[in-house]
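The entries follow the order of the look-ups.

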Amino acid sequence: MLDNGFPLATESNILKELIKPPTILRTVVNTITGSTNVGDQLPTGQLSVVPWRRTGVKYTNNEAYFDVIEEIDAIIDKSGSTITAEIQGVIDACVKLTGMPDLTLSFMNPRLLDDVSFHPCVRFKRWESERILSFIPPDGNFRLLSYHVSAQNLVAIPVYVKHNISFRDSSSLGRFEITVGPKQTMGKTVEGVMVTSQMPKGVLNMTLTPSQGTHIFDPVTKLLSWDVGKINPQKLPSLKGSMTLQAGTSKPDENPTINLQFKIQQLAISGLKVNRLDMYGEKYKPFKGIKYMTKAGKFQVRT
Amino acid sequence: MTDSKYFTTTKKGEIFELKAELNSDKKEKKKEAVKKVIASMTVGKDVSALFPDVVNCMQTDNLELKKLVYLYLMNYAKSQPDMAIMAVNTFVKDCEDPNPLIRALAVRTMGCIRVDKITEYLCEPLRKCLKDEDPYVRKTAAVCVAKLHDINAQLVEDQGFLDTLKDLISDSNPMVVANAVAALSEIAESHPSSNLLDLNPQSINKLLTALNECTEWGQIFILDCLANYMPKDDREAQSICERVTPRLSHANSAVVLSAVKVLMKFMEMLSKDLDYYGTLLKKLAPPLVTLLSAEPELQYVALRNINLIVQKRPEILKHEMKVFFVKYNDPIYVKLEKLDIMIRLASQANIAQVLAELKEYATEVDVDFVRKAVRAIGRCAIKVEQSAERCVSTLLDLIQTKVNYVVQEAIVVIKDIFRKYPNKYESVIATLCENLDSLDEPEARAAMIWIVGEYAERIDNADELLESFLEGFHDESTQVQLQLLTAIVKLFLKKPTETQELVQQVLSLATQDSDNPDLRDRGYIYWRLLSTDPVAAKEVVLAEKPLISEETDLIEPTLLDELICYIGTLASVYHKPPSAFVEGSRGVVHKSLPPRTGSSESAESPDTAPSGVQAAEQPAVIPTQGDLLGDLLNLDLGPPVSGPPLATSVQMGAVDLLGGGLDSLMGGSNTFAPAPSTTVPTTLGAPLGSGLGDLFDLTGGVGTLSGSYVAPKTVWLPAMKAKGLEISGTFSRQVGSISMDLVLTNKALQVMSDFAIQFNRNSFGLAPAAPLQVHAPLAPNQSVEISLPLNTVGSVMKMDPLNNLQVAVKNNIDVFYFSTLYPLHILFVEDGKMERQMFLATWKDIANENEAQFQIKDCSLNADAVSSKLQGSNIFTIAKRNVEGQDMLYQSLKLTNGIWVLAELRIQPSNPSFTLSLKCRAPEVSQYVYQAYETILKN
């Protein structure tokens with residue numbers, strides 16, 4: 001990988017060719033024939049113009065899968081308005097195609113993307129001129145593209161949090177209430193919802209009742225986490241109860257920030273859509289698949 | 001039987017077993033043994049005793065075994081140099097193996113064996129490998145040259161490997177090119193003097209072609225190399241930039257940063273009006289933002305680099321403020337760095353957003369971060385003037401929270417706000433005083449005391465407040481003690497009657513009961529000042545202080561430029577040049593940004609030019625020591641305007657040694673040096689007169705001269721009387737128009753703007769014919785030369801002396817007044833030649849009591865020279881007579897207001913004294929006409 005401190009090859013396909021990853025079959029063969037996992041041929045890809053792909057790839061089932069995964073980073077303020085929101089998206093691919101396929105992937109709305117960084121296999125010129133991803137893919141799993149959508153109006157916020165957290169000054173009890181609900185989800189279900197919040201030091205314990213899911217408050221780290229699960233729009237999940245505060249001290253200065261995690265299947269929240277995938281250079285017909293998913297990245301609600 | 005076997009057997013054991021296995025005939029067993037050896041080596045056991053046995057295994061066609069043996073060799077060859085030679089033969093043989101993988105492996109390993117004896121044998125195989133048909137071998141060999149150069153530089157040069165390496169830059173395979181570039185860069189770095197990488201446009205073109213095709217690491221080598229290239233003009237720079245920009249979309253953040261470095265460097269050469277410049281700015285922003293979506297560690301690296309970029313070119317990220325907003329679970333190092341960048345990007349447009357965020361941060365859990373956030377609010381106030389009021393009210397809100405550390409930080413920053421905007425926000429002092437008791441940190445206490453001292457006259461109980469601090473004087477930190485001393489002295493000077501006791505108490509505490517030298521010395525200085533001359537003390541202690549500068553935390557411009565050249569390296573993360581943390585010879589080379597090429601400028605002095613260009617562009621930073629010294633010296637020099645020029649120039653030399661400061665002296669210097677060479681004339685008409693006219697006159701080329709004599713510029717308004725604005729100037733008359741040639745020099749620490757000028761009524765109705773036009777704000781230590789056209793249609797009032805002119809100059813700071821005397825000959829009009837007959841008649845007509853006689857002494861010109869010289873200034877000779885060996889010149893002149901003056905000039909060839917008789921209907925002008933004569937003739 002390194003020579004004289006210069007990084008040389010970090011492309012996993014080449015490394016795999018130099019030293020083949022062990023498989024059960026190979027171990028058996030090695031013990032019988034005495035051969036090793038160390039390849040004794042120069043990796044073919046290393047010097048070609050497509051250093052990321054090895055030659056002589058063969059599959060019985062030719063398939064190409066693309067996952068469009070978007071993460072929303074957002075800061076929502078007390079009143080529920082968005083302070084900043086941006087989408088970090090990636091397209092991860094799993095391509096198992098025989099030979100030297102040349103793929104083109106086009107989007108319905110490529111102008112959405114603010115900044116893109118490509119796997120080296122993508123031909124930059126065609127993207128510049130036609131907004132089409134044209135590439136000879138590496139073999140196996142790789143990240144084709146990562147992108148960034150920061151234009152405020154394009155970033156839809158799929159969930160909202162209603163909160164009412166108050167530390168009462170006089171008594172040593174505080175009130176805590178949060179409700180999570182869907183918003184701009186294009187009819188898709190929000191699932192895998194997880195709410196975490198770092199409570200101030202002055203909170204000794206919390207007595208809460210969730211309408212669904214399970215919750216834990218760790219009195220040592222003061223971390224509250226509530227595993228909500230799916231959001232049912234008809235019956236919004238909520239978590240209500242009281243907090244025991246340290247007696248005798250003034251109310252905490254800081255407000256807890258609520259951290260949200262969620263997943264939405266079959267939706268790219270930016271609205272990015274793949275138009276079509278074409279293959280050139282090989283005769284067979286591959287199986288193609290595209291999956292969309294939206295996740296929360298650093299999604300924070302200030303209280 | 002001896003007992004020796006015990007000694008031998010104990011030495012054996014594992015090593016012995018391994019030795020036996022290594023010498024086994026079975027291939028499989030051998031390989032296992034070598035693996036065991038490597039394993040022991042890796043965990044740190046000494047297996048060097050097995051050297052010969054391992055080397056014996058080298059001759060094998062099993063690649064795995066060979067690799068293992070090579071690994072062993074790299075580790076132990078140095079400890080067994082003699083034995084290592086045994087391996088040489090195999091290396092040489094392997095270099096000719098049909099399998100390129102083995103050839104490359106051999107040449108790579110040989111390079112890693114740092115044994116002098118081996119290097120000699122290495123040369124031949126290496127030469128072959130550099131010309132190998134397989135690019136994989138060539139690229140490995142290229143790196144090997146760098147390794148060999150490190151061991152034995154002389155050998156590499158003698159063998160001509162460097163030239164071969166240079167040829168590889170033109171190789172057909174991009175990876176080979178990349179490695180050759182990497183190797184050459186490394187060699188060049190350790191030998192800064194060798195110009196190995198003197199790239200020309202052709203080789204640059206090859207590199208750019210290879211850039212598109214090689215691997216990510218290869219791209220980094222090439223980009224780093226490009227960054228060291230100095231394009232010959234802006235067009236070349238632009239075309240390189242165009243080909244580098246696609247790299248900004250690379251997935252590897254190191255490639256992105258290297259590309260950013262190249263662009264930032266070459267942008268320096270592009271003109272800002274170019275469309276492409278704007279495009280480039282737009283293209284740079286998104287990749288930088290994307291870098292921030294990585295892991296926190298990478299984010300930090302990106303943020304440190306962005307911090308530099310934002311200081312150099314804030315316009316790139318000016319719309320991207322929001323991405324720097326802090327998430328509560330960011331690691332603290334990311335938070336602080338983001339905060340810093342937010343302040344740098346703060347401007348009038350986004351200040352509301354920023355303040356709302358900062359206020360939010362001030363309620364976070366992390367105390368360190370909260371403090372920084374509060375400080376940040378203060379920095380915003382100082383940076384964005386329009387927001388100061390908002391910032392102050394935000395700070396007041398925060399003080400209301402009564403959170404101890406928030407209050408203390410707020411007070412510290414409010415002090416700085418006062419220093420930037422004095423006499424503006426005193427209304428908050430009352431609120432501050434309420435929190436006096438809660439302050440326990442020295443910095444906050446000192447800040448509060450400073451505020452009380454500075455505004456003592458407006459705080460009714462200032463003496464009580466300060467007295468309360470004084471009680472525990474000895475327990476305070478030095479910072480607080482010093483501040484307390486100064487504050488009480490200020491208070492005393494403002495309210496001397498009630499506070500005499502207090503000041504005596506503090507002075508004795510500071511001088512007698514303290515052993516801190518700073519405190520004692522300051523105490524004594526105040527004491528002596530107060531006891532010698534309270535008025536002077538007042539002038540010193542309560543003198544107006546220069547406002548604090550906008551950004552005190554900017555990186556110094558030359559360092560910033562150097563760091564920009566190191567974007568994407570450790571230097572840009574540390575914000576220190578490599579020489580500060582890299583040991584040895586590497587990294588000592590100082591890099592600098594290319595000079596901006598305008599139209600004709602050539603890069604003759606790349607070292608000095610860029611810094612000069614930068615200096616002009618950069619906003620005001622903290623005054624460097626040199627500037628301050630220059631300023632102080634200047635204060636001393638200021639008043640004796642008529643001081644001997646020799647002394648001044650000597651002093652100038654001294655300042656020169658101190659660096660900086662020189663310009664400020666040159667600009668406003670009252671020496672006879674042709675000052676205009678340092679400043680650029682802003683108008684084209686008259687300024688020629690000031691320096692050049694001077695020279696023309698001396699040479700006596702009178703006939704060709706179109707304008708009258710111009711006196712050298714003198715200082716009219718010294719800087720210390722005008723809050724740092726120095727004005728020097730002179731008057732000139734050229735082809736019928738009068739102008740006032742001014743040099744305005746800014747010797748203050750802030751930018752001056754909004755200049756305007758006005759004259760008081762004067763004897764000849766002189767008035768500015770156009771407003772004073774200073775096109776750009778005047779930065780500290782800059783001068784501007786202006787020619788102000790005058791006319792004589794203003795209102796008239798007789799002045800005493802007659803040629804006195806009172807001037808008022810206004811700028812953004814204040815209005816300043818000065819008066820100056822103008823030489824009368826600027827009023828001598830072009831049609832002042834009288835008819836002979838008319839002259840005779842007028843001469844007779846004017847009464848004899850209106851005749852005035854003067855002596856012009858020490859003038860050695862002859863009559864003709866005198867006459868032509870005077871004509872240059874519109875004094876016309878009507879007749880010339882020779883009477884008894886004396887030359888009599890009869891002359892006439894007319895003033896702008898129509899007054900005729902007739903003159904008779906008697907010149908005796910042997911006598912340097914001339915006699916001048918003047919006749920005029922308004923005899924009071926005669927004296928000034930005589931002065932004009934004298935000035936003209938003697939210069």
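The entries below cover the chain contact and then a helix pair, all in a predicted model.

Entry 1, extent of the contact. I looked up which residues take part and found 51 from chain B and 45 from chain A. The two chains bury about 4,300 Å² between them, and carbon and sulfur atoms account for 56% of that area.

I noted a count of 3 salt bridges between chain B and chain A. One that I looked up joins B:Asp330 to A:Lys298, with the closest N and O atoms 3.3 Å apart. That spacing qualifies because the cut-off for a salt bridge is 4 Å.

Several helices of chain B each supply at least two residues to the side that touches chain A, among them H5 (63-76), H12 (174-190) and H20 (351-361). H9(B) gives the largest share, 7 residues. By class, I found 24 nonpolar, 12 polar and 15 charged residues on this side of chain B.

I turned to H2 (residues 14-22) and H3 (residues 27-43) of chain B, whose axes come within 8 Å and cross at roughly 145°. The crossing of H2(B) and H3(B) is left-handed. From H2(B), the residues B:Leu18, B:Glu21 and B:Leu22 meet residues of H3(B) including B:Lys29, B:Ala33 and B:Val37. I classed this contact as 5 nonpolar, no polar and 4 charged residues.

Key: Residues numbered from 1 in each chain as written. Chains lettered and ligands numbered in written order. Predicted model: local features only at pLDDT ≥ 70, side-chain atom pairs only at ≥ 80, totals over all residues. Heavy atoms only, no water. Contact = heavy atoms within 4.5 Å. Buried area = accessible area lost by both parts, 1.4 Å probe. Salt bridge = Lys/Arg side-chain N within 4 Å of Asp/Glu carboxyl O. Helix = DSSP H or I, 4+ residues; strand = E, 2+ residues; numbered from the N terminus. Nonpolar A, V, L, I, M, F, W, Y, C, P; charged D, E, K, R; others polar. Axes fitted to C-alpha atoms, helices over the stretch in contact; angles between N-to-C directions. Left-handed = near helix turned anticlockwise from the far one by under 90°.
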